[in-house]
Amino acid sequence: MILVTTAGKVGAHTARILASAGQPVRVIVRSPEAHQDLAAAGIELFRGNLDQPDSIAEALADVQSAVLVSPAVPAQEIAVIDAARKAGVAHVTKITSDAAPDSPIQRRRDHYRIEVALAESGIPHTLLRANAYMQNLLALAPAIAANSEFTSSTGDGRIGMVDARDVATVAAVIAPSPAEHAGKTYRLSGPARVSYDDVADQLTTILGRTITHRRITTEEQEAAMVELGLPTPVAHANAQALELFAHGDSDWTSPDVERIAGRPATSFSLFATDHAGRFSRADA
Ligand SMILES: NC(=O)c1ccc[n+]([C@@H]2O[C@H](COP(=O)([O-])OP(=O)(O)OC[C@H]3O[C@@H](n4cnc5c(N)ncnc54)[C@H](OP(=O)(O)O)[C@@H]3O)[C@@H](O)[C@H]2O)c1
């Protein structure tokens, strides 16, 4: 049995790929009622909450391989790691970011703490260090649909952004056959380094109308995210991340998606084509 810790963007897609390949897969969800599509795809839904260690221990029964793909909350993921060690789980695939103990971004420091706990657990594991997800841009879709314009504080920064579906694909390759991947860290990116001006250009081509990227300051970026409904600490961390993008922090690509998935990483152009409806007035 393979356990996937949440049914978010990456977790749900990982579980779907595993189930369609005939792998037994279980996903922890707080509300099974909201995930009946996954049950229909043959995925076992386990009602649980990562804040409740008892429910985690139960979810790990018969699990050989776990995919740790949850918000960067050390208490939650470290509880899963402790329970996995006690349950004798043979391998953990952890989705992480550019984690570092001295990162200015809290969630990167938190991912680092989780990585340290995973190393100390002694469980064979693989780290998937992902660049920013293309799906983050879907938060801008309503503005693009309504005004054909979006704002950001990323300046000229280029980002090797990765489609979250590719992160899931890589996790779904590793989790059932982890032996050759244990002890390794892979860096997951898209095929190209894309600036937000490039995003505007590619959306212009795909949507057939001019899409404009308007530059704003980091302070304006944080305020815009609060306006969109994000809690202030999340808006602050996101604005910090975009400031790092502007300074080249995410200006990297890696061949690891293609090497492990056995097909090219998804380009931004393909991602935008797949989600064109979300950026269009008709969907606004
Ligand atoms: N976004 C990026 O650019 C980026 C880049 C690199 C790495 N990452 C990392 O990728 C990982 C996965 O991100 P994602 O975007 O796939 O996540 P996501 O779509 O935000 O999904 C998070 C999931 O966690 C669930 N969850 C939250 N609290 C829970 C709890 N207490 N118990 C059980 N489930 C809980 C949520 O369930 P509900 O639906 O019930 O709320 C949701 O399904 C994260 O570790 C993130 O830091 C993200």
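Predicted model: local features only at pLDDT ≥ 70, side-chain atom pairs only at ≥ 80, totals over all residues.

The largest cavity is lined by Ala132, Tyr133, Asn136, Leu137, Met161, Tyr196 and Phe245, where a cavity is, on a 1 Å grid over the protein atoms alone, a set of points where a 1.4 Å probe fits but cannot get out, and lining residues have an atom within 4 Å of a point. Residues are numbered from 1 along each chain as its sequence is written, and side-chain values use heavy atoms, with hydrogens and water left out.

By class, that lining has six nonpolar residues, one polar and no charged ones, with Ala, Val, Leu, Ile, Met, Phe, Trp, Tyr, Cys and Pro counted as nonpolar, Asp, Glu, Lys and Arg as charged, and the others, Gly among them, as polar. The space inside comes to about 40 Å³, a volume being the space filled by probe spheres set on grid points that are joined across faces, edges and corners.

What surrounds the ligand? There are 22 residues around the ligand, and the closest are Arg30, Ser70, His111, Tyr133 and Asn136, a residue being counted if one of its heavy atoms lies within 4 Å. This shell has nine nonpolar, 10 polar and three charged residues.

Turning to polar contacts, which are pairs of N or O atoms within 3.5 Å, a ligand oxygen lies 2.6 Å from a polar backbone atom of Ser70, and an oxygen of the ligand is 3.0 Å from a polar backbone atom of Val10. On the side-chain side, a ligand nitrogen is 3.4 Å from an N or O atom of Gln76. Taken alone the ligand exposes 930 Å², of which the protein buries 75%, using accessible areas from the Shrake-Rupley method with a 1.4 Å probe.

Finally, Glu44 forms a salt bridge with Arg26, their closest N and O atoms being 2.8 Å apart, where the rule asks for a side-chain nitrogen of Lys or Arg within 4 Å of a carboxyl oxygen of Asp or Glu.

Definitions and conventions
Polar contact = N/O pair within 3.5 Å; in protein donor to acceptor, adjacent residues only side chain to side chain. 1 Å grid on protein atoms, 1.4 Å probe; cavity = no way out; pocket = protein on both sides within 12 Å on 5 of 7 lines; lining within 4 Å.
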